[in-house]
Amino acid sequence: MLRIARNGTYGTALSLTAAALLVTSCSSDSDREQAKTSGTTASKICDGALDAPARQALQNLAGTDQFDESTGAASEAGQPRTFSIQNAVKHLHDEYRQRAACWVYKTGDESGKPLLEIRFSASQSYPKASGKESNDSKVRYPVGLYAKVGRDGADLFFQCATGAGSKGAYIGDTKYVKAELYSTGSQLRGNSVDKDRMVILNSISRKVAEEAGCASEADLPTAVPDA
């Protein structure tokens, strides 16, 4: 999965001065710390979007049943944008920094690295499976239009026609939604790391599809089949 820089400007980052990079990095870290909950159960993470299998999957990956959640990037008004399924749908067509994000941490983990980072965006297209891909380290699942898990996370594309809110939207009208889950492999536990991540991403994606009014076309199962 392509990892986008925290400040959302992957293509221009190299042209920034060292001082600007430092300020931006600190700002991003500050965003993540805002409105951070403490000792939250899996049932309340990410706007309560995890069904029972996804809650168990999260506990498997973390080795704990207590989590912290950071609410995502700050809005232009300087207030943290609380992650919600409604916000995720509302900002599908916005640029990277404006999209609602759900950051999940293990309670008591002082590393500053989230266990999971989840985002949604409108997409003009989706990847097509190839023979070459079947031989690499990615694991594909029969979920939605295209779903895979790799070393650093998971991607899930599903059919969902949505319209841009304005002519100035970062992304225009689209037929698809992309769900992204980033995870640091060194923090994950259990014997089903790949499937557990897809179970979590699929569960939240189902809620997004319901909110966006495209559940019937999204083809997201209630239970994730084996790869």
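**Figure 1. Burial and overall make-up of the protein chain in the predicted model.** Of the 227 residues in the protein chain, 43% are buried (under 20% relative accessible area, with exposed meaning over 50% and partly exposed in between; 1.4 Å probe, protein chains only). The chain exposes about 11,000 Å², and carbon and sulfur atoms supply 49% of this area; accessible areas come from the Shrake-Rupley method with a 1.4 Å probe, and for residues only the protein chains shown count as cover. The model is predicted, so that local features need pLDDT of at least 70 and side-chain atom pairs count only at pLDDT 80 or more, whereas totals for chains, interfaces and linings use all residues. Residues are numbered from 1 along each chain as its sequence is written, and side-chain values use heavy atoms, with hydrogens and water left out.

**Figure 2. Order of the secondary-structure elements and reach of the contacts.** Five helices and seven strands make up the secondary structure of the protein chain; helices (H or I, at least four residues) and strands (E, at least two) are DSSP runs, numbered from the N terminus. Starting at the N terminus, the order of elements is α-α-β-α-β-β-β-β-β-β-α-α. Among contacts between residues at least 6 apart in sequence, 66% join residues at least 24 apart, a contact being heavy atoms within 4.5 Å.

**Figure 3. The salt bridge between Arg119 and Glu117.** Six salt bridges are present in the structure, each defined as a side-chain nitrogen of Lys or Arg within 4 Å of a carboxyl oxygen of Asp or Glu. In the pair shown here, the closest N and O atoms of Arg119 and Glu117 are 3.0 Å apart. Arg119 is buried at 6% relative accessibility, and Glu117 is likewise buried, with a relative accessible area of 3%.

**Figure 4. The salt bridge between Lys148 and Asp155.** The side chains of Lys148 and Asp155 meet at 3.4 Å, N to O. Lys148 has a relative accessible area of 8% and counts as buried. Asp155, with a relative accessible area of 4%, is buried too.

**Figure 5. The salt bridge between Asp226 and Lys195.** The closest N and O atoms of Asp226 and Lys195 are 2.6 Å apart. Because Asp226 lies in the segment after helix H5 (215-218) and Lys195 in helix H4 (residues 193-212), the pair ties together parts that are 31 residues apart in sequence. Asp226 is exposed, its relative accessible area being 58%, whereas Lys195 is partly exposed at 25%.
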